[in-house]
Amino acid sequence: MSYSIQLYTLRNAMQEDLPGTIKKVAEIGYTQVEPCNFVATAEELGAALKDNGLTAPSGHAPLLSQDQDEIFAAAKELGISTVIDPYLPAEHWQSAEDIQATAAKLNAAAKKGAEYGIRVGYHNHAWELESSIEGQTALEHFAGLLDPELVLEVDTYWASVGGQNPVELLARLGDRVKFIHIKDGPGTTDTKAQQPAGQGTIPVLDVVAAATSLEVGVVEFDDYAGDIFEGIAESLAFLQNNAAQDVKA
């Protein structure tokens with residue numbers, strides 16, 4: 001299993017010291033990152049990744065609201081091969097018509113991405129699972145409208161907050177899911193209460209096992225009451241230790 005860290009987790013540290021933050025990430029043991037807002041920081045981030053031997057297989061960017069050519073060019077510069085739209089507000093997920101319009105826009109973005117050799121995906125929050133369209137969650141309805149080359153990054157924590165069992169959801173979505181966000185905690189909207197993997201209510205190991213076409217498991221905290229570097233280190237240690245135990249078993 002390959003693990004990454006979503007750099008949104010470290011947004012405050014990166015604003016203060018981007019190179020130093022990336023160095024700490026590497027020292028903790030991460031070999032991959034998932035950048036966000038990378039157009040603005042592409043040059044500095046690219047240098048920091050290179051200096052520390054890190055790669056960025058995926059990245060978040062607002063494909064449906066900002067200049068796609070600029071995003072894909074920056075992604076190519078950073079070696080990002082999958083660009084994931086991270087967020088569309090709840091009002092976009094309440095009707096079949098709105099979801100169809102969003103799918104059409106993302107399908108068009110994927111065609112443009114292909115010109116750069118870059119794949120396109122979408123990342124959920126809770127509302128795509130809270131909303132029901134024609135007997136399915138809005139996310140699953142949406143997935144059925146996407147062109148085959150598009151992928152999903154399922155945020156398994158927000159899926160749980162949205163009322164879905166993330167293990168069952170991953171099974172239903174199948175091989176469309178190439179990335180997941182791995183986070184733990186009480187399964188509520190209180191982001192400060194999030195915890196390192198293995199310390200909350202989310203069945204993290206079952207979640208990872210359920211994503212059968214997973215390319216990268218991405219550790220993320222939306223927020224954290226403790227030391228964030230300790231938190232991401234504890235998450236990685238939990239995932240790697242349990243992976244090692246699985247191999248021995």
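Colleague: Are Tyr157 and Trp158 buried or exposed?

Modeller: In this predicted model, Tyr157 is buried, and Trp158 is buried too. The word applies because the relative accessible area of a buried residue is under 20%.

Colleague: How are the rings of Tyr157 and Trp158 arranged as an aromatic pair?

Modeller: The general idea is to look at the angle between the planes: over 60 degrees counts as edge-to-face. For Tyr157 and Trp158 the planes are 80° apart, so the pair is edge-to-face. Their centres are 6.0 Å from each other.

Colleague: How many aromatic pairs are there?

Modeller: The count comes to seven aromatic pairs. One of them joins Trp93 and Phe142, again edge-to-face, at 5.0 Å centre to centre with 85° between the planes.

Colleague: Which parts does the pair of Trp93 and Phe142 tie together?

Modeller: Trp93 sits in the loop between β4 (82-85) and α5 (96-115), while Phe142 belongs to helix α7 (residues 138-143), so the pair links parts 49 residues apart in sequence. Both Trp93 and Phe142 are buried. Together with Tyr122, they make up one aromatic cluster.

Colleague: Now to charges, please. Which residues form the negative surface patch?

Modeller: Asp and Glu count as negative. Here the patch is made of Glu16, Asp17, Glu43, Glu44 and Glu77.

Colleague: Where is Asp17, one member of that patch?

Modeller: You will find Asp17 in the loop between α1 (11-16) and α2 (18-28).

Colleague: Why is Asp17 called partly exposed?

Modeller: Partly exposed lies between the two cut-offs, under 20% for buried and over 50% for exposed. Asp17 has a relative accessible area of 39%, so Asp17 is partly exposed.

Conventions. Residues are numbered from 1 along each chain as its sequence is written. This is a predicted model: local features need pLDDT of at least 70, side-chain atom pairs count only at pLDDT 80 or more; totals for chains, interfaces and linings use all residues. Side-chain values use heavy atoms; hydrogens and water are left out. Patches are made of residues with over 30% relative accessible area and no salt bridge: like charges are joined within 9 Å, nonpolar side chains (Val, Leu, Ile, Met, Phe, Trp, Tyr) within 5 Å. Accessible areas come from the Shrake-Rupley method with a 1.4 Å probe; for residues, only the protein chains shown count as cover. A salt bridge is a side-chain nitrogen of Lys or Arg within 4 Å of a carboxyl oxygen of Asp or Glu. The place of a charge is taken as NZ of Lys, CZ of Arg, CG of Asp or CD of Glu. Helices (H or I, at least four residues) and strands (E, at least two) are DSSP runs, numbered from the N terminus. Buried means under 20% relative accessible area, exposed over 50%, partly exposed in between (1.4 Å probe, protein chains only). Rings of Phe, Tyr and Trp (its six-membered ring) pair if their centres lie within 6.5 Å; planes under 30 degrees apart count as stacked, over 60 as edge-to-face and the rest as tilted.
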